Amino acid sequence: MGVNKVTVRGVDGSHRDYGLSGGPIVIGRDPASGIHLKDSQVSWRHAVLIGDANGCVIEDLGSSNGTFVSSVRIQRHVLQPGERIKIGPYELVMHAAHAPSPNSASEQTLFAAADHYVRHHAGETGTSMQRAVVNAGVAVKDAVDVRDWRGLLKRWVPISQGTALYGKFELRTEVMAGLTVAALLVPQGIAYALLAGLPPVMGLYASMLPMILYALTGSGRQNSVGPVTVDSLMLVLGLSTIATAGTATYIALAILLTAVIGVSQLAMGALRLGFLVNFLSYPVLAGFTSAIAIITALGQLHHLLGIPQQQFPFLYEALFDVASRAGEANLATLAIGASCILLLLGFTKLSPKAPGPLTMVVMCTLLSFIFGLGEHGVKVLGEVPRGLPHLAVPEFDWAQIKQLLPLALTMALVGFSQTVSVGKSLGNKYGYDIDANRELAALGLANVSSSVSQGYVVSGSLGRSALNATAGARTPLAAIVTAFCVLLTALFFTPLFRYLPDVTLAAILVVSSLRLIDMREIRYLFNVKITEGLLLVFTFLATLIFGIMPGLLAGIVASILLFITLNTRPYTAILGRLPNTNIFRNVEHFPEAETIPGLVILRIDASLYFANVVFLKERIHEICDRYEGQLHALILDASAVNDLDSSADTALHQLSEEFKRKGIEFYIAGVKAPVRKVMQRSGLYERLGGDHFFFTIDAAVRRYLDKTGNSATRHHHPD
């Protein structure tokens with residue numbers, strides 16, 4: 001009896017083989033994994049392979065980015081010989097112990113072997129492999145017994161696992177990290193609430209119960225959830241068209257909007273719609289966030305100059321208004337604002353951990369009280385209510401909910417994307433995984449609790465989360481400490497904010513907003529792929545010119561159109577054999593690759609469907625025209641084709657007929673199981689014949705050479 005094996009192929013063309021006879025093999029980013037895949041798209045413990053001479057089962061271990069077999073995301077799957085597993089940028093191929101010899105084997109034997117395997121081994125192997133997974137002690141989410149309340153507690157409240165999940169940590173370090181973030185969150189919370197057109201105390205309310213609930217249920221260990229710039233600006237621009245900022249109606253709408261956002265996120269989490277985050281690609285999110293930062297910073301010019309502020313739907317209108325009233329500026333306000341910005345930038349440069357915003361708040365409040373700045377035209381914050389919020393369910397008005405729903409769904413998706421992005425960034429750095437669906441549920445609970453406790457919409461903050469991690473936080477305990485610090489502030493210290501100049505909060509908003517613009521990431525996108533850099537710039541400009549909602553929608557539409565465009569003209573390559581190997585590579589990238597007279601090997605790197613089928617036919621016709629009279633056979637490498645629709649299958653039928661008329665042999669190599677089944681059902685397999693389908697390119701080449709009696713190769717580059 002032979003031994004099954006799996007081949008792991010990297011993006012650089014490297015490959016490693018692993019035997020499947022030694023029990024479970026864990027795949028993951030953990031260096032101790034049986035198959036170690038070092039990439040940020042791979043989870044710490046991503047999946048497990050169990051195999052022997054009879055077959056193989058792969059099971060996903062709750063990974064963030066999923067395990068795919070033939071482009072389908074799987075939880076548990078019985079592998080068939082030749083099937084390809086996709087984990088991040090890696091491809092794993094399962095090889096059967098008794099795979100047919102490539103010299104003599106067409107895919108007739110592959111069809112037979114696969115059918116025999118499924119009939120005789122899938123059932124018993126699936127059961128035995130599942131037992132092996134459990135016996136190996138690998139955690140499988142579906143295995144939690146609903147009657148085991150401890151299991152449920154560990155699943156839904158991760159913090160209850162303590163050191164079993166987080167490892168060793170120091171309570172003192174967690175407390176200090178929580179205090180450090182609280183020193184930033186208190187002034188930021190007040191400033192963001194004012195930015196949102198809400199009473200300043202609502203920023204504190206939104207930083208208590210929501211933060212605690214997220215810490216208990218979320219998968220982001222260092223995420224700091226609370227008010228953020230993007231949410232605050234989206235809220236004020238969305239609601240100011242319905243009600244006047246600061247009024248009782250406006251406040252009630254903001255609380256109701258927060259509840260609708262929370263319920264939407266809970267529903268999406270229950271339906272496991274975490275994949276929706278993929279619709280906000282990174283370039284779109286980066287461009288949108290950068291535009292929000294500019295809009296927020298420029299929106300503080302009224303406060304920095306000390307002139308009355310009005311809401312304008314477009315940025316240029318606000319700038320014109322500031323320019324027309326610049327002569328009304330209060331010099332004392334301008335001097336305080338400029339000094340605060342410079343000092344905050346200095347704090348950031350010299351000591352990132354130092355509580356710069358809190359220091360500014362204390363200093364400016366003292367100066368305002370001592371010199372009576374409020375009597376010299378400097379606007380101050382005024383009375384901030386002391387005490388805890390009263391808990392109350394917002395009044396649900398279905399007409400208002402219908403009106404708020406488009407804004408709520410957009411903010412739910414944006415907030416979720418922000419939170420997951422922050423979590424993944426820190427998770428990759430500190431070695432843990434983010435569960436997108438759990439994040440949806442945790443964020444939904446946080447927003448529902450915020451609405452109940454008179455707060456407003458919350459999501460993950462990159463700046464505060466990074467500060468939390470830098471300060472030494474390794475568990476959600478730090479976030480709970482932060483929440484209690486904010487609670488104590490609301491109970492005892494809010495009267496001290498009475499003399500705080502508004503311009504100080506404006507300066508804090510300007511500096512914290514500008515930090516959202518990451519020039520290194522922008523340069524990175526342009527260096528890696530210019531189309532993604534241009535997508536970022538397009539989203540950025542669209543948001544600045546047309547506004548937040550239209551700009552974000554334009555970015556998403558542009559991202560989808562770019563994806564469709566790239567897929568209608570997928571990458572293709574003519575392949576040649578590397579000397580003294582059975583490895584075939586693109587002749588343009590590997591000049592030493594040898595081609596065979598009369599034979600062209602074409603690889604297409606995409607699924608074949610109606611949008612790119614015309615391009616495929618044009619590419620093959622171009623090859624036929626280029627080698628007219630010299631082409632005797634064409635091998636289509638279908639190893640990268642994950643799907644085949646009816647339009648593409650019809651095109652392959654047409655091409656096979658054309659080749660037959662021209663006396664050109666048409667071979668197909670590396671066909672995956674789902675594609676092979678489509679070809680069977682459509683009759684293409686029967687029309688071409690089983691001896692025209694092969695496991696590998698090498699087998700197809702040998703068949704061509706045997707048939708023509710040609711064994712020579714030579715360098716042959718396309719014009």
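Tyr316 is partly exposed, because its relative accessibility is 44%; the class lies between buried (under 20% relative accessible area) and exposed (over 50%), with a 1.4 Å probe and protein chains only. Phe320 counts as exposed, because its relative accessible area is 58%. Both residues belong to helix H11 (residues 315–324). They sit four residues apart, about one turn of the helix. Helices (H or I, at least four residues) and strands (E, at least two) are DSSP runs, numbered from the N terminus.

The model is predicted: local features need pLDDT of at least 70, side-chain atom pairs count only at pLDDT 80 or more, and totals for chains, interfaces and linings use all residues. Residues are numbered from 1 along each chain as its sequence is written, and side-chain values use heavy atoms, with hydrogens and water left out.

Aromatic pairs were assigned for rings of Phe, Tyr and Trp (its six-membered ring) with centres within 6.5 Å. Planes under 30 degrees apart count as stacked, over 60 as edge-to-face and the rest as tilted. The count is seven aromatic pairs. One of them joins Tyr316 and Phe320, edge-to-face, at 6.1 Å centre to centre and 80 degrees between the planes. Tyr609 and Phe610 also form an edge-to-face pair, with 5.4 Å centre to centre and 90 degrees between the planes. Tyr609 is partly exposed at 21% relative accessible area. Phe610 is exposed at 58%.

Strand pairing requires at least two DSSP bridges between two strands. Axes are lines fitted to C-alpha atoms, for helices over the stretch in contact, and angles run from 0 to 180 degrees between N-to-C directions. Strands E14 (residues 572–577) and E16 (residues 599–604) run antiparallel and are joined by four bridges. Thr572 stands opposite Ile604 in E16.

Another open sheet of six strands has the order E2-E1-E11-E10-E7-E8, with antiparallel pairing. Strand E2 (15–19) and strand E8 (72–74) stand at its edges, each with a single partner strand. Neighbouring strands here are turned by 30 degrees against each other on average, direction ignored. Five bridges join strand E1 (residues 5–9) to E2. Arg9 has His15 in E2 as its bridge partner.
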